[in-house]
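Hi,

Here is the structure I promised to pass on. Have a look through it first, and then read on for what turned up.

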Amino acid sequence: MLSRGIVRLFELVARPFRGGEAVDREIATHLELQIEALIAGGMSPETARRVALDRFGDVASYRRGLIRMDDKAARARRWRAWWGDLAQDLGLVFRGLRRSPGFGIGVIATLALGIGVNVTMIGLVDRLLFKAPAHVVDPGAVVRYTLTQTHPSFGSFTNASVTFKELDLQRRSGALTGLAAYYPGSVSYGRGESARSIRASLVTADFFGLLGIRPATGRFFDPADDPIEGGSPIAVISERLWVREFAGSREVVGRSLWLGSRQYQIVGVAPRGFAGIDLNAVDVWLPLNTGAREFLGSGDEWRDTWDWQWVRLVGRLRPEATRERASAEATALYRAAVADHHERKDDRGTVTFQPLIAGRGTDQSQTPTIAALLAGVSILVLLISCANVANLMLARGLSRRREIAVRVALGVGRGRLIRATLLESVCHAGLASVVGLGIAALAGSVIRSILLPGIDFIDPPVDGRLLAVAFGVALVAGSVVGLAPAIRLWHLDPAADLKAAGPTTGDHAAARTGLLGFQAVLSVVMLLCAGLYYKSLWTAASIDFGFRPEGLLTADIDLGVAGYGREQQWAFYDQALERVRLVPGVASAALTTTNPFWTRQASSLRLPGRDSLPRLKTAGPYFSAVTPEYFATLGLRVARGRGFADRDNAGAQRVMVINETMARTYWPGEEPIGKCAFVGRAATVCREVVGVTVDASNESLEVEPVMGYYLPLAQVDGLAADRFVMIRATDRPEAIAGDVGRALQTLAPNLPVATVRLMQDQIEPLLRPWRLGATLFGLMAAIALAVALVGLYSVLAFQVAQRRRELGIRTALGAGQSELAKMVVVQGQRVVLTGIAIGLVVSLAAVKLLVPADLLRRLLFQTSPFDPVVVGAAAGSLIVTTLLGSLIPARRAGRVPPMEAIRAD
Amino acid sequence: MRGQPLEVLQGTLDTLMLKALSWGPRHGYGVASWIRETTTDELSIEDGALYTALHRMEQRGWLAATWGVSEHNRKAKYYELTELGRRELKDARARWTRYAGAVSAVLEARA
């Protein structure tokens, strides 16, 4: 019934018109009249018939021609009428908006929120997961090389950074037309105090060619530019840098820029929008061999050994090759190459070629996964908005029953009415999509700068694709929203509607209550998500690091690029430590060879009298060589024994401090203090353990125990090259960061810029995925709650208004105010409680049945999806919101004056 | 003497039919028989062609059509001149007079 009606609604032009009947009638009449006339003139019927046909000509052919003509004309007429009706209906829509702007604004605002949230999320996910880097030719054929290695004691891990040896090895693969390598890093740009760090990428000469990128001006690298030894310093810069630093000048080619300790001559500029193939935008590209000598050291370890995992490889598949085939071939090549290499014997190593785009997410961050989840859930916000708007439209449809009945009685077709309703919804949604795009543009840039500062977005937050998405969503949303009132119109009974504007009939109330319940179901899902992410963020942020990161600063200067030798560097840092201690606001300072959450280091370690040592999943033990003030500066508690003192110098007994995990792993149930260990492959002296610290996290938020130990910096014998200054501020660390940097800079002229970071900033990126989830889910849940509040209020208020008469009679019969108010509140709660129950059961069951446990672990930080506090809070906040929404209607219900209500109709 | 019936000149058929309708609404047969009587069968026009012309002129807006009941109680489609059709008849008539005059002038000219 309905489906036939819908078909008729959209029939427009397709139906063959029954013009044939009319033409047949016309011809028949003609022939009959002619024959009668001829018979009257004295002809025999047969002759008359023959003559009449003869005079007419070829009847069949004329008939066909006439029908064709009439059909064409009728079609044209229909089109004109259709467009005319459309224009008229559009006029009605806008007149309606003018007449009751409140309703229109409500509908448009609700939909705009839903559309805005969706477009924002889709934009985010598009950038993180779907969009290929700009300018790459045929990105589907470009693949990333990843290597999965399996270790007997701590499982398998996949790495995109691999050894340089694999580049030469895999270039032999028959499935690829080429394989290029790049190394994403950073370099100081400029000289002295104005210098700053920019992202630089070392690339092989074929990198740009393999991707199919063409220079905006100048040229890219060719193999002759990048000999293994003795290449000249040249660079390709990004369009962004070109515009910012050289004002987009055509003469940029041939000019130089300071990178690290050298000047590089610019040979070309990358096209606008190309900033490498990772999420972090690159500003300068250098030839790999030349750059590696500069940044990685003059030796050959980085290209000759299986130890240095540093480059990333991208290849292009041959047209006939598949990723599976290429991966299988690469795996075979890899296993054969390492088979006779004792340090890397790895017969289970597996190479997988990942697609270029999906591979963007391989930087171990949960951000892309969480963004995808957010985008999926944002559809719920849109559904909630749609349900709400449908509810509003139903309510208005009821109040306009008489008007509609009059139009039907006046002969306006039902199809036309339904079409007008749908048109109105689509118009509302269209306007909402414009507002929603505005919201998305705003929200997009805020999210980008605040929540995802590590990712450089090159394109604007709203582009053509998103525009198309927004209008597509609006069209769908508009149709969905218009459906409920349209169905109502279909079952319209104009006679009944003309007679009375009495109480609503049962099925409308049921539809509205159903929509409300649906909203409650979705809201509870949103609230659950938000709650789980707040819990995750809270858990992650309140992790005990073992030391106090707040108030801590770290500083270092890239002295290698300034041409300092190792001894000179160490001397510089000794000086730097003394200098930094004099900066006002510095409570204490220490040197260390590793920087928590930034670098870590391990060395070979033996225990006297033991052949092998137990291992942990987190490998290690890792060490730091530190000055005596280190433990106090970090706030790292020495639980037993002692820390270091000035007397632990080069001439004294070798000592070490270990953490609790190491003590427990190597000397279970024994007193570790007084035990000793050989640290370093060539160590001949056994170091005495003098203290045990609590465990300190220094790598990630995961709480797998990690073995660690500390050595006095004066006793490391050249084991560790890097130095970092750790500084504890007496007050706010950000206030003294500038002073610390300047203090370091004054130690020598023409230094590269000192990097001074807050420890909190080093930790922050680890919290970011959870912060992203918590903030955005919180926002969506707030929107869902607000929309649900409005929806519930409108439904209850409407019902109270519809039942004024009944309520008045009840009051007259002695029902108390509170009794009637309670009735309304209970009515609202019943719907919402049912919705909550369904929502909780469905979402928890879905999590249990559909989401694999390891995905769940990645999506939530040490938080169970069944966390009772979160579930309770989600349900509770919705119940409270419902109470708020029913408050005013409930009061109103209790105050209906009995006489007036009865008289009202 | 009567020879073969004359072929109707292109474009004149419309004019003849507009004229046929200038006294009021007629159905197709009425138009056909009026033309046949008036021209005393001198013109060879298939009745089918008349209907094609009627429909064409209806779509051009020169004629308006309504269904009515004919003399012997038959459903018939009646055609009627619209304002546009009346103007067209006037123009066509003027064109024809000028054309016929010019042709006659040439044919009756003496050296």
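One thing before the details: this is a predicted model. Counting over all chains, the salt-bridge rule gives 26. One pair to look up is Arg74(B) with Glu36(A): Arg74(B) sits in the loop between strand E4 (63-69) and E5 of chain B, while Glu36(A) belongs to helix H2 (residues 19-40) of chain A, so this pair joins two chains. Their side chains meet in a salt bridge at 2.3 Å, N to O. In general, side chains of opposite charge can pair when their charged atoms come close.

**Where the chains meet**

How many salt bridges does the rule find across the interface of chain B and chain A? There are two.

On the chain B side, the elements that give two or more residues are helix H2 (28-38), helix H3 (47-60) and strand E5 (75-81). H3(B) gives the most, with eight residues. Sorted by class, the side of chain B that touches chain A has nine charged, eight polar and eight nonpolar residues.

As for the extent of the contact, chain B puts in 25 residues and chain A 20 residues. Together they bury about 2,000 Å², and carbon and sulfur atoms give 57% of that area. Arg74(B) turns up again here: with Tyr29(B) and Tyr51(B), Arg74(B) supplies 32% of the area that chain B buries against chain A, more than any other three residues.

If you want to find the spot, residues in the lining include Leu516(A), Ala788(A), Val832(A) and Leu878(A). Gln519(A), Thr881(A) and Thr882(A) are also among the lining residues. By class, the lining of the second largest cavity has seven nonpolar, three polar and no charged residues.

Cheers

Conventions: Residues numbered from 1 in each chain as written. Chains lettered and ligands numbered in written order. Predicted model: local features only at pLDDT ≥ 70, side-chain atom pairs only at ≥ 80, totals over all residues. Heavy atoms only, no water. Contact = heavy atoms within 4.5 Å. Buried area = accessible area lost by both parts, 1.4 Å probe. Salt bridge = Lys/Arg side-chain N within 4 Å of Asp/Glu carboxyl O. Helix = DSSP H or I, 4+ residues; strand = E, 2+ residues; numbered from the N terminus. Nonpolar A, V, L, I, M, F, W, Y, C, P; charged D, E, K, R; others polar. 1 Å grid on protein atoms, 1.4 Å probe; cavity = no way out; pocket = protein on both sides within 12 Å on 5 of 7 lines; lining within 4 Å.
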